[in-house]
Amino acid sequence: MQRVFSGIQPSGEAHLGNYAGAIKNWVRLQDEYECIYCVVDLHAVTESFDPATLSQRTLDMAITLLAAGIDPERSILFVQSAVPEHAELTWYFNCVAPLGELERMTQFKDKAARNRQNLNVGLLDYPVLQAADILLYKAELVPVGEDQIQHLEFSREVARRFNKRYGDIFPEPRPLLTPGKRILGLDGQAKMSKSLGNTVSVLAGPEATWDKLRPAVTDERRVRRSDPGEPEDCNIFTIHKAFTPAETREELARGCRGATIGCIDCKRVLAEHIERELAPLRERYRALAANPERVREILATGAGRCRAIAREVMGEVREAMGFLA
Ligand code: TYM
């Protein structure tokens, strides 16, 4: 069975972009692949964070993933910092990773502009750690949103450079995308992102979700209700792709193109389908949050399984690089 790996930062509550672009796909892929999913706390400390709340946020993200349907009987769920080999492999990769490409990464440039006060080496090295996450398990498939494509390309480059120098150890991982691969914030300006504060949390109830959806930007052609629009240019329609059945979506698309429905109507249908899917998630979240010991056990088991794989791969890596055994 091919191996899937993906990760999410515990830097805030998971939002509709995370869900549409990644988490929903993670759940689906469990049927077909050996899946490893990770809460990447080592990545989260590259930007300013509060040490007093990091562990709780990490646990909350793990609970969200379990509530979304990650099944610890079928997949591995763990926390990155519990497997020190991620950091070790990052170091070896640092010594083959091209500096120029790291400096050109769009996320690095964006984050560097935002973090002038805390422009640390970790922020630049972030994609190297991401490559180590994936390749430590020799994962071939990586379900992510579109914003991670550049990092994935970089992981492939690291694998190629390492293999060329030390022998054929790592596969070149490929991204797996969804129709909701790029959800914009509700202001329609930039990607929906935890660090930009333009998100709708998957844990928000129906009222809070509606308060954000109602004023959300749609296709700009629809100034008046009688103006026809193009659903493919509408962020609300992109979100529909993650939540609303195809038949209903086609009906909405016809209504939008023919101006027979308004954007508010379209948003109401979206809110309904979001609630249908996320109400049970919130219910499971509450049940799991009441039993954090169980969640810690799941994460400890996951970390144990990962360490066993990591030890083996690192043995191969150290031997290939010629370290004294
Ligand atoms: P993070 O925590 O920013 O996001 C987690 C996942 O959600 C996707 N995503 C989106 N998809 C569509 N529209 C959006 N607006 C949106 N915002 C986020 C992301 O693409 C991602 O798949 N670097 C990664 C974490 C990571 C990782 C890895 C991923 C660390 N190591 C190894 C894959 C493999 C990140 O920042 O995720």
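Predicted model: local features only at pLDDT ≥ 70, side-chain atom pairs only at ≥ 80, totals over all residues.
1. Start with the residues around the ligand. There are 28 of them, and Y126, D133, G145, D147 and I183 come nearest. Sorted by type, this shell has ten nonpolar, twelve polar and six charged residues.

2. Next, look at the polar atoms facing the ligand. The side chain of N18 has a polar atom 3.1 Å from a ligand oxygen. In the side chain of K194, an N or O atom is 2.9 Å from an oxygen atom of the ligand. With M192 the backbone is involved: one of its polar backbone atoms lies 3.0 Å from a nitrogen atom of the ligand.

3. How much of the ligand's accessible area does the protein cover? On its own the ligand has 710 Å² of accessible area, and the protein covers 97% of this.

4. Now turn to the second largest pocket, with a volume of about 310 Å³. Its lining is made of 16 residues, and those closest to the centre of the pocket are L184, E232, D233, C234 and N235.

5. Which domains contribute to the lining of this pocket? Domain 1 (3-183 + 291-321) and domain 2 (204-285) each supply at least three residues. By type, the lining of the second largest pocket consists of four nonpolar, four polar and eight charged residues.

How values were computed: Residues numbered from 1 in each chain as written. Heavy atoms only, no water. Near = heavy atom within 4 Å. Polar contact = N/O pair within 3.5 Å; in protein donor to acceptor, adjacent residues only side chain to side chain. Areas by Shrake-Rupley, 256 points an atom, 1.4 Å probe, with all protein chains shown as cover. Nonpolar A, V, L, I, M, F, W, Y, C, P; charged D, E, K, R; others polar. 1 Å grid on protein atoms, 1.4 Å probe; cavity = no way out; pocket = protein on both sides within 12 Å on 5 of 7 lines; lining within 4 Å. Points joined across faces, edges and corners; volume = space filled by probe spheres on them. Domains from an automatic or database assignment.
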